[in-house]
Amino acid sequence: MTDIALTPEDASALDAGAPLSGRPANKPHGGHAAPTRKVVIYRTKVWVRIWHWINALSLFFLLVSGLQIFDAHPSLYWGQISTFEHPILAMRAFPQGDSFRGVTFLFGHPFRTTGFLGASEYNGHLVSRGFPSWMTIPGNRDLEGGRRWHFFFAWIFAINGALYFAYILISRHLRGDLWPSFAELKQIPRSILDHILFRHPEGAAAAKFNVLQKLAYLAVLLGLLPLMILTGLTMSPGMDAAFPVLPFAFGGRQSARTINFLCAWSLVGFFAIHIFEVFAAGVFNEMRSIITGRFTIKFPVEPEPSPPPSALAPGASE
């Protein structure tokens with residue numbers, strides 16, 4: 001089956017949600033499979049693709065360099081100051097013979113995490129550190145190096161995000177493509193069931209985001225990403241002095257650090273689900289969409305009408 005360009009007739013049918021007519025792209029097999037036609041559309045605009053890849057790269061380096069910074073004091077608190085006796089989360093290493101035993105405390109409850117959190121291997125030996133070296137940049141304990149990586153990509157992330165927000169407002173991408181209608185919100189239960197059963201949309205529906213995708217992207221764009229930036233700024237003493245409303249808004253610098261940590265791992269969860277769905281929906285088609293903008297959708301083909309039977313049999317007379 002060969003991809004074809006989107007013709008004006010196909011575009012009209014796509015907008016109307018109607019099936020496309022034309023030559024079948026695949027023939028029925030055993031009388032069961034319906035004939036379909038593949039149509040290539042231009043789904044993802046160039047500025048959205050550029051933002052996507054810059055954002056993905058920036059967030060990766062922000063995460064791994066942020067874990068390096070976190071390893072300098074692998075504990076989380078709530079409020080303005082560090083209440084060392086009552087951390088929300090704490091990764092500790094306790095001596096055990098010639099080595100260490102890693103223990104992670106969550107709201108005071110201990111969990112043995114030797115080899116991963118609290119105590120992990122570095123150069124062939126268990127050492128005391130929050131996250132293992134393979135999850136951080138730099139790999140060795142280097143707070144200054146981690147901050148350089150983090151601040152460099154933080155600026156790229158912030159500038160890229162500001163340009164993207166300006167674009168989606170000016171181009172109406174936010175309202176036209178991402179904001180769900182009331183009718184779409186009523187489809188949430190059905191969309192959840194479709195995702196559970198791995199039923200992916202076909203035809204005109206495949207060319208647009210479904211309601212769960214829209215809500216997920218809005219939660220990231222209008223929730224997690226702005227929170228990441230604002231809580232990151234709140235952790236800076238200089239920014240707190242210039243804008244004292246920041247620590248007040250988040251309940252203190254330590255609260256902002258905790259929220260920033262939770263947002264980072266929420267984004268990791270979002271990307272894990274996102275990547276899983278890319279493979280489930282068809283990795284080649286999805287990756288081509290975000291690299292070249294081209295996306296292939298399938299439409300059922302209406303069968304060509306049979307010629308009407310002759311009013312009179314051959315040789316018959318009235």
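Here are some questions and answers about this predicted model.

User: How many helices and strands does the protein chain have?
Analyst: Let's start with the overall picture. The chain has 318 residues, and buried ones make up 35% of them. As for secondary structure, the count for the protein chain is 10 helices and 8 strands.

User: What share of the contacts between residues at least 6 apart in sequence join residues at least 24 apart?
Analyst: Take the contacts in the protein chain and keep those between residues at least 6 apart in sequence. Of these, the share joining residues at least 24 apart is 60%.

User: Which residue forms a salt bridge with lysine 214?
Analyst: Side chains of opposite charge can pair when their charged atoms come close. In this salt bridge, the closest N and O atoms are 2.9 Å apart. The partner lies in helix α5 (residues 182-185) and lysine 214 in helix α7, so the pair ties together parts 30 residues apart in sequence. That partner is glutamate 184.

User: What separates arginine 148 and glutamate 144 along helix α3?
Analyst: Their side chains meet in a salt bridge, at 2.6 Å from N to O. Arginine 148 is exposed, with a relative accessible area of 59%. Both residues belong to helix α3 (residues 143-170) and are 4 residues apart, so what separates them is about one helical turn.

User: Where do arginine 253 and aspartate 240 lie?
Analyst: The side chains of arginine 253 and aspartate 240 form a salt bridge, at 3.5 Å from N to O. This pair links distant parts of the chain, 13 residues apart, with aspartate 240 in helix α8 (residues 237-242) and arginine 253 in helix α10 (residues 253-292).

User: And is aspartate 240 buried or exposed?
Analyst: Arginine 253 has 28% relative accessibility, so it counts as partly exposed. For aspartate 240, the relative accessible area is 11%. The cut-off for buried is under 20%, so aspartate 240 is buried.

User: Which residues do salt bridges that share partners join into one network?
Analyst: The structure holds 7 salt bridges. Some of them share partners, and the residues they join into one network are Arg190, Asp194 and Arg199.

Note on methods. Residues numbered from 1 in each chain as written. Predicted model: local features only at pLDDT ≥ 70, side-chain atom pairs only at ≥ 80, totals over all residues. Heavy atoms only, no water. Helix = DSSP H or I, 4+ residues; strand = E, 2+ residues; numbered from the N terminus. Buried < 20%, exposed > 50% of the residue type's maximum accessible area, 1.4 Å probe, protein only. Contact = heavy atoms within 4.5 Å. Salt bridge = Lys/Arg side-chain N within 4 Å of Asp/Glu carboxyl O.
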